[in-house]
Amino acid sequence: MRLAALAAGLIALALASPARAFEIEQERRFGPEEGTPIQVLSTTDTAAFAPVLEDFVARHPGRGIRYVQAASTEIFAAIHDQDARFDLVISSAMDLQMKLANDGFAAGVEMEAPGLPGWARWRQQLWGMALEPVVTLASRQALGDLPLPRTRRDLIALLRENPDRFRGRIAAYDPQVSGVGYFLIAQDDQVSDGFWRLAEVMGRLNARLFCCSGEMIEELRAGRVSVAYNVVASYAARFRPDDPDLVQLGFEDYIFAIVRSAFVPVTAPDPDGARLLLSYLLSDPAQRLIAASAGVALVPGTGPAPSPQLRPIRLDAGLLVYDDRLRRAGLLAEWRAALVQPQAGP
């Protein structure tokens with residue numbers, strides 16, 4: 001009854017919220033300053049994606065790119081509700097991308113991509129371009145002599161048995177502001193019977209919530225948190241070689257891998273430029289650069305093969321179930337109930 005009331009309230013609040021311009025996190029120009037650039041709207045961290053974009057403009061003299069980075073929910077609102085005009089839209093929020101494509105915002109693109117798995121594309125409209133493992137990171141110094149957890153069950157035990165060490169020092173996505181964060185909670189809920197026990201333990205330990213992987217990693221590297229749950233691995237890959245304190249926990253129960261996807265909007269000002277860039281992103285040179293960052297190849301032969309624990313999430317119409325408002329509101333209400341609770345020891 002309490003969850004139903006919370007769900008109804010969340011839906012009413014969403015319907016009552018006024019429209020607004022979407023919020024830009026970063027903006028950068030690649031290639032020549034003159035001429036009209038290809039307009040890209042993306043969730044991918046600008047610094048992480050820069051080598052790929054720099055390679056594209058080096059291969060296509062005269063072609064520039066305006067790269068705009070924003071949160072996945074902001075991108076969805078920009079395209080779905082605000083008529084924002086971009087040539088290519090890239091996001092790791094698979095359900096929101098599928099919703100946009102299914103609602104008619106994505107143009108069909110006839111293109112050859114022979115190495116791309118069938119589960120990583122949808123109707124010539126939505127194209128997977130990266131496989132992104134989702135991992136848990138920890139600080140070696142913060143863990144001290146504690147054993148590294150090998151499963152989520154181990155992580156629950158570690159947190160319960162050491163509350164003073166981890167109180168206020170656990171980072172996780174905030175699913176109320178992050179589309180990827182909500183999607184990953186929905187996946188955990190579907191796959192793991194013990195996920196809500198983990199959520200309750202994190203709540204009792206006053207876990208801190210963040211919009212994105214980059215912020216969680218910054219807090220971890222600064223020593224302000226000890227564990228970061230559900231971090232996109234490619235963000236950590238930039239720091240781990242030079243930061244021996246960062247350790248990636250390779251859980252043996254399961255490791256999700258989301259498909260970062262791209263589409264050309266039907267309102268794209270420069271659809272030819274968008275197709276040129278999309279074709280490059282699916283090419284062997286680009287896929288090798290992307291796989292080096294993600295740590296795993298989407299297209300076989302372009303990088304490390306997936307581990308046995310990796311569970312890629314299919315890019316198909318089944319993702320539309322996550323757009324159901326009652327389901328979403330109920331899941332968020334359960335998350336809030338787990339995370340917002342009296343701060344006593346576990």
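Reader: At what angle do helix 8 and helix 14 pack, and how far apart are their axes?

Author: In this predicted model, helix 8 (residues 179-191) packs against helix 14 (residues 325-339) at about 85 degrees. Their axes are 11 Å apart.

Reader: Is that roughly parallel or roughly perpendicular?

Author: Angles of 65 to 115 degrees count as roughly perpendicular. So helix 8 is roughly perpendicular to helix 14.

Reader: Which residues meet there?

Author: Helix 8 brings Tyr182, Ile185, Ala186 and Asp189. Helix 14 answers with Arg327, Arg328, Leu331, Leu332 and Trp335.

Reader: How many of the residues in this contact are nonpolar, polar or charged?

Author: Between helix 8 and helix 14, six are nonpolar and three are charged. No polar residue takes part.

Reader: Now Thr302. Where is its place?

Author: Look in the loop between helix 13 (284-294) and strand 12 (310-312).

Reader: Is Thr302 buried or exposed?

Author: Buried means under 20% relative accessible area. Thr302 has 5%, so it is buried.

Reader: What does Thr302 contact?

Author: Set aside neighbours within four places in sequence. Thr302 is then in contact with Asp284, Gln287, Arg288, Ala291 and Ala297.

Reader: How many disulfides does the structure hold?

Author: A disulfide needs two cysteine sulfur atoms within 2.5 Å. The structure holds zero.

Reader: What is the relative accessible area of Cys211, and what is that of Cys212?

Author: Cys211 has 29%, so it is partly exposed. Cys212 has 23% and is partly exposed too.

Notes: Residues are numbered from 1 along each chain as its sequence is written. This is a predicted model: local features need pLDDT of at least 70, side-chain atom pairs count only at pLDDT 80 or more; totals for chains, interfaces and linings use all residues. Side-chain values use heavy atoms; hydrogens and water are left out. Buried means under 20% relative accessible area, exposed over 50%, partly exposed in between (1.4 Å probe, protein chains only). Axes are lines fitted to C-alpha atoms, for helices over the stretch in contact, and angles run from 0 to 180 degrees between N-to-C directions. Helices (H or I, at least four residues) and strands (E, at least two) are DSSP runs, numbered from the N terminus. Angles under 35 degrees count as roughly parallel, over 145 as roughly antiparallel, 65 to 115 as roughly perpendicular and the rest as oblique. Contact means heavy atoms within 4.5 Å. Ala, Val, Leu, Ile, Met, Phe, Trp, Tyr, Cys and Pro count as nonpolar, Asp, Glu, Lys and Arg as charged, and the others, Gly among them, as polar.
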